[in-house]
Amino acid sequence: MHIKLSDTSTKAPKDLNKEKIKTKTEKLLEELDELQNLLYAEHKHSILVVIQGMDASGKDGVIRHVFGHLNPQGVIVQSFKVPTELELSHDFLWRIHQHVPAKGKIQIFNRSHYEDVIVTRVHKLISDTKAYKRMKAINDFEEMLTEHNNTHILKFYLHVSQEEQLRRLEERINDKTKQWKYNENDIVEANNFKEYMHVYEDCFKHCSKIPWTIIPADQNWYKEYIVADALHTTLTSLNMHYPGLKK
């Protein structure tokens, strides 16, 4: 999967009607509520949603606006940040495996196992050789979940432009309702934008057995539609049925 992010738009196609797309999203969310209930009741499949992206690409927002409509009993969100001392004493997938979804559940990774081949490479914490070994382990890990636990994995990269990212980061400084999100290190990381793009492209190339969806993320309404539509397509493809009475 060869992707050149600099050649990939961060905006919705110009011919789309914003209000029509928002109406479609609302309909998808209504249907997702019932599909999630069916997933939970049948208890045969699980969904793992991996959301990656630069700071301020809108990861929290898409989780809130798409998955916030679903029954919280069946949706779990897990964020992966800097590993703790305990986590560092284990293999890099140890902390991930504890949070994979049980059957009937939708598990969301707000940042994920890919942080261990993204941030670590940008900051030269691991060598390229080690990174490629980790990518192979990630491919094997995702294949194991898919083939042995009926886990369906959706991988999203929220593709925000450098200009929009900086605007949102400045908004976190000036908007009192968003200041709680501000982290001075975000600006430092934003200065590594081009290096992050390069490392993400390499990751897409080597970890695409389960394909990535690159989502233009400058406009929230379009981003939410793409995620909702992908989840809807996956759930409807499972041909699920409510179980009958237990005998």
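**Exercise 1.** In this predicted model, α1 (18-42), α2 (59-67) and α10 (220-236) each supply at least two residues of the lining of the second largest pocket. State which helix gives the most to this lining, and how the lining residues divide into nonpolar, polar and charged.

*Solution.* 
- Step 1. List the lining: K18, K22, T25, E26, L29, H65, V66, H69, N220, W221 and E224.
- Step 2. With 5 residues, α1 gives the most to the lining.
- Step 3. Sort by type. The lining holds 3 nonpolar, 4 polar and 4 charged residues.

**Exercise 2.** Classify the aromatic pair formed by F80 and F109, and decide whether its two residues are buried or exposed.

*Solution.* 
- Step 1. Rings pair if their centres lie within 6.5 Å. The count comes to 7 aromatic pairs.
- Step 2. For F80 and F109 the centres are 4.9 Å apart and the planes make 85°. Planes over 60 degrees apart count as edge-to-face, so this pair is edge-to-face.
- Step 3. Locate the residues. F80 is in the loop between β2 (75-79) and α3 (85-88), and F109 is in strand β3 (residues 106-110). The pair links distant parts of the chain, 29 residues apart.
- Step 4. Both F80 and F109 are buried.

**Exercise 3.** Classify the aromatic pair of W221 and Y222.

*Solution.* 
- Step 1. The centres are 5.9 Å apart, with 70° between the planes, and the pair is edge-to-face.
- Step 2. W221 and Y222 are both buried.
- Step 3. W221 also belongs to the lining of the second largest pocket.

**Exercise 4.** Which residue lies over the face of Y132, and which over the face of F92?

*Solution.* 
- Step 1. R121 lies over Y132, 5.2 Å from the ring centre.
- Step 2. R134 lies over F92, 4.8 Å from the ring centre.

Key
Residues numbered from 1 in each chain as written. Predicted model: local features only at pLDDT ≥ 70, side-chain atom pairs only at ≥ 80, totals over all residues. Heavy atoms only, no water. 1 Å grid on protein atoms, 1.4 Å probe; cavity = no way out; pocket = protein on both sides within 12 Å on 5 of 7 lines; lining within 4 Å. Helix = DSSP H or I, 4+ residues; strand = E, 2+ residues; numbered from the N terminus. Nonpolar A, V, L, I, M, F, W, Y, C, P; charged D, E, K, R; others polar. Phe/Tyr/Trp six-rings, centres within 6.5 Å; stacked < 30°, edge-to-face > 60°. Buried < 20%, exposed > 50% of the residue type's maximum accessible area, 1.4 Å probe, protein only. Lys NZ or Arg CZ within 6 Å of the ring centre and 35° of its normal.
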